[in-house]
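Student: Could you walk me through this structure? I am new to it.
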Amino acid sequence: MFRRHFPITLLYVFSILVTIGCDTDTTGFKSDSEFVKLQGAGASFPAPLYLKWFKDYNKSHPNIQVDYQSVGSGTGVKSVIDGTVDFGATDAPMSEDEFAKVDRGVQFLPITAGSIVLAFNLEGVDELRLTREGYIGIFLGEITKWNDPKIADSNRGVDLPDSNINVVVRSDSSGTTYVFTKHLSTISPEFAKSPGIEKMPNWAVGTKSKGNEGVTASIKTTPGSIGYVEYAFAKGAKLKMASLENSSGVQVMPSIKSTQAALAAAEVPENLIAWLPDPAGKDSYPIVMYTWLICYKQYSDEKKMNALKEVVKYVITDGQSNSERLGYIPLPASVVEKCMAALDNIKLVKGT
């Protein structure tokens, strides 16, 4: 029994706290004058990649420790506003009201990109094709059976059961949910009306789970289920993923290649916040996203500010080599260049 649930247990443990680093150098001697601890919190979507980055960086810089809590984008933004972290992380934008609450100012930095997939657990079905009408209907609660004609018609030859669809959605304030509902609202006027674009919508249907970790675990253990989750989590848990109809009417499987095709059309503006609610191109996967670190524009602790900048430089350059292996998309060179320039906006508070 333990072996059967061990991977899921690890996902839950990881969702509570990602803590990397130590307070000693390679000789085991603590250096109070040089040791810097950075605290971050936010999006669960990039958390596995952050784990890798911060662990690797600490190996070569043992005097810098980065603790990251995978608590969801909404909590990450709140933590930035409350000033309880050194940086936040989000897959969704901050509102004008939220920006106004941060006297120190904020700098968004795109760190990596990925896709949101519809992962499913359906015995005897290894491949599932969903039209736009099909997956919109599922999340509106209008399609409730797996053998509904709006699913069966695009899966001829597949023995779909006459059983209920168990929909899994996020319970927390989530950037992943924001991106997913933004896509659904873009392609469906009915969905745009209700529940609309939200980090924490009032879903018409669904069992709620916290974080990408929780949704992944729920799908894996619930027969007949389907839910939205970030590609890297689905890939890591070896969940089956549906192909989705894109804006060109083509069925596309989620992959590194199809996500890169979608991102190729995106122009990243000066504020570094780019959205692709329904990317063009026959090879493009339809639900893709950037994710951002939220840094302050002003820091009173020079050591923390310098350490944070160096960590960011690492993750947007050398650290990008880890992205694809873990299911994420390396940043385009043009985006890396803009991020490096934006680091100049992060400054020490005058008079400190």
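**Helix packing**

Tutor: The crossing of helices α5 and α7 is left-handed, meaning that the near helix is turned anticlockwise from the far one by less than a right angle. This is a predicted model, in which local features need pLDDT of at least 70, side-chain atom pairs count only at pLDDT 80 or more, and totals for chains, interfaces and linings use all residues. Residues are numbered from 1 along each chain as its sequence is written, and side-chain values use heavy atoms, leaving out hydrogens and water.

Student: At what angle do α5 and α7 pack?

Tutor: Helix α5 (residues 132-139) and helix α7 (residues 175-187) pack at about 120 degrees, with their axes 11 Å apart. Helices here are DSSP runs of H or I with at least four residues, and strands are runs of E with at least two. Axes are lines fitted to C-alpha atoms, for helices over the stretch in contact, and angles run from 0 to 180 degrees between N-to-C directions.

Student: Which residues meet there?

Tutor: R132, Y135, I136 and F139 in α5 meet F180, H183, L184 and I187 in α7, where contact means heavy atoms within 4.5 Å.

Student: Now Q260: where is it found?

Tutor: Q260 lies in helix α11 (residues 256-263). Beyond its neighbours within four places in sequence, Q260 contacts E324, I329 and P330. The C-alpha atoms of Q260 and D283 are separated by 9.4 Å, although these residues are 23 residues apart along the chain.

Student: And what order do the strands of the open sheet take?

Tutor: The 3 strands run in the order β6-β11-β12, with mixed pairing. Two strands pair if DSSP finds at least two bridges between them. In this sheet, E245 stands opposite Q251 in β12.
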